[in-house]
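Thanks, everyone. I have one structure today, and I'll go through it quickly. Please look at the sequence and the model together.

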Amino acid sequence: MTNEHANDLPTMTPEALAGLGGGKIAYVKAINAEDVKHLFPQAPQLDPGTRLFALHAADGTPIVITDSRESAVANAWSHELEPVSVH
């Protein structure tokens, strides 16, 4: 799919996204340290360019930030969530 057709896709509300997978799905996404303050305003200052991993609920709510994908997946499992990757 090209970007020119991306706007043609139907959108989902946060409530609809939260309902995907019966509330049992979480998303693991690679992020940069510069993105952390947006997700967690109370987070300490991090070195710019540091690669981290965010675990989000299906509706996009951030759950945890960690320094490894494996830790994010383990955190999902500890919350009885099925982790999926977002690229």
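Ground rules first. This is a predicted model, where local features need pLDDT of at least 70, side-chain atom pairs count only at pLDDT 80 or more, and totals for chains, interfaces and linings use all residues. Residues are numbered from 1 along each chain as its sequence is written, and side-chain values use heavy atoms, with hydrogens and water left out.

Now the sheet. It is open, has four strands, and runs in the order β3-β2-β1-β4 with mixed pairing. Strands are DSSP runs of E, at least two residues; helices are runs of H or I, at least four; both are numbered from the N terminus. Two strands pair if DSSP finds at least two bridges between them. Which strands sit at the edges? β3 (62-66) and β4 (82-86), each pairing on one side only. Neighbouring strands are turned by 30° against each other on average, direction ignored. Axes here are lines fitted to C-alpha atoms, for helices over the stretch in contact, and angles run from 0 to 180 degrees between N-to-C directions.

Two pairings to look at. β1, residues 25-32, is parallel to β4, over five bridges. Find Y27: its bridge partner in β4 is V84. β2 and β3 are antiparallel, over four bridges. There, L55 stands opposite V64 in β3. These two strands form a hairpin with four residues between them. G60, in the turn, has a positive phi of about 95°.

Contact means heavy atoms within 4.5 Å. Which residues of α3 are buried? A72, V73 and A76. They lie on the same side of α3, because they cover an arc of only 100° around the axis. That arc is taken from the directions from the helix axis to the C-beta atoms. Their cover includes β1, β2, β3 and β4. On the other side of α3, E70, W77 and S78 are exposed. The cut-offs: buried is under 20% relative accessible area, exposed is over 50%, partly exposed is in between, with a 1.4 Å probe and protein chains only. After α3 comes E80, with a positive phi near 55°.

Back to β3, for T66. T66 counts as buried because its relative accessibility is 14%. Not counting residues up to four places away in sequence, T66 touches L52, F53, S71 and A72.

Eleven residues line it, and the closest to its centre are Y27, K29, H56, G60 and V86. β1 and β2 are the elements that give two or more residues to the lining. The largest share, three residues, comes from β1. For the method: on a 1 Å grid over the protein atoms alone, a pocket is an open set of points with protein on both sides within 12 Å along at least five of seven lines, and lining residues have an atom within 4 Å of a point.

Last, T13. T13 sits in the segment before α1 (14-19). At 41% relative accessibility, T13 counts as partly exposed. T13 and D59 are 46 residues apart in sequence, and 8.3 Å apart in space, C-alpha to C-alpha.

Terms used. On a 1 Å grid over the protein atoms alone, a cavity is a set of points where a 1.4 Å probe fits but cannot get out, and a pocket is an open set with protein on both sides within 12 Å along at least five of seven lines; lining residues have an atom within 4 Å of a point.
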